[in-house]
Amino acid sequence: ENSSTLLHILTSKHNVQTTLLDHNVLAPKLTKMYPLLENGIVSIIDHHLDQGLYHNSVQDVHRKIAFSHDVALAGSACTLVAEAFLQHDKMATHNLLNKDIATLL
């Protein structure tokens, strides 16, 4: 309950930026509960069929959807996060073996 109260406060008073991960559509329940959350979607990392939403707020460069011709190009969104991490920090290979990063993924 505390996290939903915090999310309500954040979305109603601040410009919250959100990344959708592992699905490219905000859950209808969240959209209904926090209508302003949808306006803050700025990036998508996913391996499911692109539903084509949020083009006004998510620039193509921030739309990482690994799906083409009815086939997922990655087995999980974890793979996409790890790839993005490696692209961001070319020296990060050893960091991926870090216990905290492994837990996150």
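**Entry 1: His47**

I began with His47, which is located in the loop between β2 and β3; I took helices (H or I, at least four residues) and strands (E, at least two) as DSSP runs, numbered from the N terminus. The model is predicted, and I therefore read local features at pLDDT of at least 70 and side-chain atom pairs at pLDDT 80 or more, while totals for chains, interfaces and linings use all residues. Residues are numbered from 1 along each chain as its sequence is written, and side-chain values use heavy atoms, with hydrogens and water left out.

Is His47 buried or exposed? I found a relative accessible area of 11%, so His47 is buried; buried means under 20% relative accessible area, exposed over 50%, and partly exposed in between, with a 1.4 Å probe and protein chains only.

I then looked up the polar contacts of the His47 side chain. The side chain of Asp22 is one partner, at 2.9 Å, and the backbone oxygen of Ala74 lies 3.2 Å from a polar atom of the His47 side chain. A polar contact is a pair of N or O atoms within 3.5 Å; within protein, one must be able to donate a hydrogen and the other to accept it, and residues adjacent in sequence count only if both atoms are side-chain atoms.

For contacts in general I used heavy atoms within 4.5 Å. Leaving aside neighbours within four places in sequence, I listed Asp22, Ala66, Phe67, Ala72, Ala74, Gly75, Ser76, Ala77 and Leu80 around His47.

**Entry 2: the chain as a whole**

I noted four helices and five strands, in the order α-β-α-β-β-β-β-α-α along the sequence. Of the 105 residues in the chain, 23% are buried. Among contacts in the chain with a separation of 6 or more, 41% are between residues 24 or more positions apart.

**Entry 3: strand β2 and its partners**

Strand β2 covers residues 41-46, and five of its six residues are buried, so the strand is largely enclosed by the rest of the structure. Strand β1 (residues 18-21) runs parallel to β2 and is joined to β2 by four bridges; I counted two strands as paired if DSSP finds at least two bridges between them. From β1 the chain crosses through helix α2 (residues 28-33) to β2, and this β-α-β crossover is right-handed. By that I mean that, with the strands pointing away from the viewer, the path from the first strand over the helix to the second runs clockwise.

Strand β3 (residues 63-65) also pairs with β2 in the parallel sense, over three bridges. Which residues stand opposite Ile44? I found Leu20 opposite Ile44, and Arg63 of β3 opposite Ile44 as well.

Ile45, also in β2, counts as buried at 18% relative accessibility. Not counting residues up to four places away in sequence, Ile45 touches Thr19, Leu20, Leu21, Asp22, Lys64, Ala77, Leu80 and Val81. Ala77 is 32 residues from Ile45 in sequence, yet their C-alpha atoms are 6.7 Å apart.

**Entry 4: helix α3**

Helix α3 (residues 77-88) has twelve residues, which at 1.5 Å a residue should span 16 Å; its end C-alpha atoms are 17 Å apart, which agrees. The expected span is 1.5 Å times one less than the number of residues.

At the start of α3, a side-chain oxygen of Ser76 reaches to within 3.3 Å of the backbone nitrogen of Cys78. The buried residues of α3 are Ala77, Leu80 and Ala82, and their cover includes β1, β2 and β3. Ala84, in the same helix α3, is partly exposed at 35% relative accessible area. Its C-alpha lies 9.4 Å from that of Ile45, across 39 residues of sequence.

**Entry 5: nonpolar core**

Which residues make up the largest nonpolar core? I recorded nine: Leu20, Leu26, Tyr34, Leu37, Ile41, Ile44, Tyr54, Val58 and Ile65. A nonpolar core is a set of buried Ala, Val, Leu, Ile, Met, Phe, Trp, Tyr and Cys residues joined through side-chain atoms within 4.5 Å. Leu26 touches Leu20, Thr31, Leu37, Glu38, Ile41 and Tyr54, not counting residues up to four places away in sequence.

**Entry 6: positive phi**

Tyr54 is not a glycine but has a positive phi of about 65 degrees. Tyr54 sits in the loop between β2 and β3 and counts as buried at 11% relative accessibility.

Asp70, likewise not a glycine, has a positive phi of about 65 degrees. Asp70 lies in the loop between β4 (67-68) and β5 (71-72) and is exposed, with a relative accessible area of 70%.
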